[in-house]
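Welcome! Open your viewer, get the selection tool ready, and let's take a short walk together.

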Amino acid sequence: MEPERAGVITSKENKIFISIVNKVLKSYRDGINVHSIKSDNIYHQSDLLNLAYRNMSVEEQIIKYTLNEDSYPLFYRNEEGKINGYLYDFLKLIQARTGLKFKYVKNTNENVWDELSLGNVDLVPVAYYDSEYNKGITLSNPYISITYRSIEKVDTINKSNNIGVLVSSNDSKLDYIRSVFSKSVISYSDSQSLLKDLELGIISQAYLPDDLIQGILARDFTDSFIVGKSKDKIIDISFAVSKKNKILSDVVNAVLETVDDEELKKLKRGYRQFNVIYGYEKSRVYKVVLSLIFVIILSCLVVYFWLNNLKLQVTLKDKDTKQLESKKEWLQNIINEQPSIIFIHGVNSKVSLSNCNFYQGEKCDNCILFSNEDEKYKNDNEKIITEGITINDTLLISNQCKLKFDQVDRIRKRIIDPKTNITYLLTVIHDITEQKKQEAELIKANKAAQNAVISRERFLASMSHELRTPIAGVMGLLELLSTRVKGTEKQGIVENISSSMHHLHLLVNDILDFSKLEAEQLSLELRDCHYLRELGNVFRLHNASALEKGINFRLFIQPTSIEVIKVDSLRLSQIVNNLLSNAVKFTEVGYVSVKVEVNDVSLKIAISDTGLGMNERQLKSVFKPFTQADNSIAREYGGTGLGLNIVNELIKLMKGELNIVSSENVGTEIECIIPIDVVSNYGASFSKLDITCKAKDEAIAQWIREWTKNDYSFPVDKKKVTIIDGNEEYDGNIVDSVIISLSGYSRDNNKNMLSINSTPLFIDELHTLLFSLIERENDATNTQSLSKLIGHVLIAEDNKINQILLVKQLSEFGVSADIANNGLEAFNKLKSNPDRYDLLITDCHMPILDGFALAKKVREEIIEFNDKPIIGCTAEDLRVSRLNGTHFGINHMLFKPYSIYELNSILISYLSGFEESCDCSFVDKFSELDDGGLINLFIETMSEDLTDLLTFSSEKEIKDTLHRIKGGMGSIGFDSIVTVINELSDMEFESNEYIIQKGKLISDMKIMINEASLWYKYKYE
């Protein structure tokens, strides 16, 4: 190697300094002044040694070195077969800085120190500074230190004293490393094995070079280990040189003095990414190679079979294409024969087949029937193809299609070729131009018909509602007039007029119910119902009608423990009333039979008769409105033909069943089943009675058992009651007992003998009679009383009769009232003086402003009346009216007709009152007479009739008197008096039972006249 040439550069002004330097250098080259330049600078000393070493022979200038190649990252051979490592880079740095040449000699002997001793190499770069070597080897100053850091388990106390150290497997100084740590050192060349043994407790500590610790942490470290718990172990590394090569040793030491520690650290940091495992596992390499070979072979097989399959598919495709063309031609011929327009196109909207002549002849560039410009059309097609749905829509294409279609029905659905599995879209077009025209005409006609029906229903409902009030007034007046008219001819005229008005009243009721049912405005109001009492009232009414016609009325009610049921009692009575009315009306001879059964879920009523009956043709039209069996029936029996229609609709509304079986000239059987809910059963109501039943009818005995089966008390201090069939069974031996005779009359004036009629026996009458014995025992009274109240009320009512009625009723409790003829008038009165009135009573249906609108307007605009009650009155559906009332601010609803007691009980909640009360047993009837100014006339005529009854002795005179009394009492509604007169009329004149019954009538009339007089005195005097 040629020496490097160097000079001194300075300013031209320093010519003297340059002359001196040149003389010194010349003397130095000539050997005259060798020691004239001396310096302790490490770089100068290093340069001098380097220069001396380079002045040696060429062969001696090359420094040969050797080292094991598996010391990563210090010195190793990489994947490309090249030597690498930060020691290798360090030697290259020395070479570049000093000009020294280093040559790597591969180690052929496991002991590199023998190679150095034999002179095969000049230098070994890695030697442990404190280790002992043979005498022919010298060590340089340490140039690097290897720090070993500890790794230990966190929470386990290791029983082993062994320490594991990660070192190269070929490290020749393992003994030295063991001496640094302890005698029980186990060396590892694989970090995974080292950490595994630490985990298993084979070693207590693991030491790894600090250079490798980051890699271990990144790959194999877990939370169960802790780093650096024990003191680090430091091993110094030096260069090893033969003692024979003293100058090389000096050169190495001098160069190492010039190397900065930071430079070596930078070299080490470049090798932090490393593979901790020294070498590769052969088994893993074999597995990877075998897997690659298997994948390659499998891929080749797949490609081979795929190519063969592709070739086969091409062949099949050619065959299928020919078949498809043939099939397409055949399908086109079928489509051409269809009357509808058909398009078959693929998912790209390209038409494959069609029978449209204009489209086939290319006369239509863009068919409007499947326009792709319509975004909705494209979205629908995507749904049809992906989801398989069918879409049916209608298109208006007036003057836009050459087929002259105005309106078409389009059906689109997905079809899939079963062989090719290709999806197509089928579009079928139907011309519905004429059909839509017809539908439009039908809709128009139907709408007109519906409007006509609605108008008719409104007219009927309005007229029926308006007719009810005057009809009821005329009927009441006629009934009162019948008690005042003298003479047979005049009496007959009045009776004919009364009969006509009663028939008209029933007709109006039927028409109103029919119109509500047709308009689906009729609703049910379920309430607690004592069904024996409710049905008993209906049965008694038609029993009287049957007796007048001379036919037998049979009644059987199946004994049961059920007392109260939940049902619409008003509609129940209406159904039974209509069915029995028809049965009695169309039966001339024989009987009408009624059977009632009640269970936990339903009420069954079966009615049979021996009347006219119906044939098959008549049965088919029996439920049609305004229809009867034939015209002759309408002429002979009258009626509107609405009865059974209303019954049928009501039972449907109640979710019940109606069955009819009939034979012409034999009779009819009707069975209706109505769903119910059981509210309560009979309790121990008769616990104070000791009842003995000697009647032969087992049903009566069963009823007694049902009424008393919950009584577990002993028969001590109980009133004894004995039920017998007739007076002939009474032998006088029954003592200390109340006797109830089912014969209908008593034999003598025995106060302990009571009688009821058993032909038929109305079981509710027996129950009421037994219950009255308990009330009599307790000295209880069954009279109702009206509470006296204080207040001033505004009445909004457009009907004059109802105005008078409300004023009279309110005056009965001491309440004063003002009248407003409509809602607007009432609002103005309230607005002008809201503090004057304590309460508002309003009719819900009035002109100008109805009750609901009035209530809403009052609540919104008259703040002073917000805390005061509003009561609504209506004759409409009570449940609907209640909902409307609550919505518009009405506190309570009254359903017409209502009694004075209902009104009084409601007002008690809103008005203050007196503690005194008045006896008003018949106050409703007396109030009605007083409203018409007839109360005095009633008292006078009843007193005259009573006098005639006491003085007349001839049968004809007494019958005329009874007839007059019956008419008067019936018109007012005193049914108990009418019942006594009916029973008296059926008895033999002047017989013992006749005399007893007549005495009972006289006693009842005296009580009636007395109470009327007291009522009048209480009110006016």
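Predicted model: local features only at pLDDT ≥ 70, side-chain atom pairs only at ≥ 80, totals over all residues.

Residues are numbered from 1 along each chain as its sequence is written, and side-chain values use heavy atoms, leaving out hydrogens and water.

Select β2, β3 and β4 to see an open antiparallel sheet of three strands in the order β2-β3-β4. Strands here are DSSP runs of E with at least two residues, helices are runs of H or I with at least four, both numbered from the N terminus, and two strands pair if DSSP finds at least two bridges between them. β2 (70-71) and β4 (83-84) are the edges: each has a single partner strand, so one side of each lacks a neighbour in the sheet. Zoom in on Arg77, whose bridge partner in β4 is Ile83.

Next, show Asp818 and Arg836, which form a salt bridge at 3.0 Å, N to O; the term means a side-chain nitrogen of Lys or Arg within 4 Å of a carboxyl oxygen of Asp or Glu. Asp818 lies in strand β33 and Arg836 in the loop between α24 and β34, 18 residues apart. Asp818 is buried at 18% relative accessible area, while Arg836 is partly exposed at 41% (buried is under 20%, exposed over 50%, partly exposed in between, with a 1.4 Å probe and protein chains only).

Finally, pick Asn648 in helix α20. Asn648 touches Phe623 and Leu658, not counting residues up to four places away in sequence; contact means heavy atoms within 4.5 Å.
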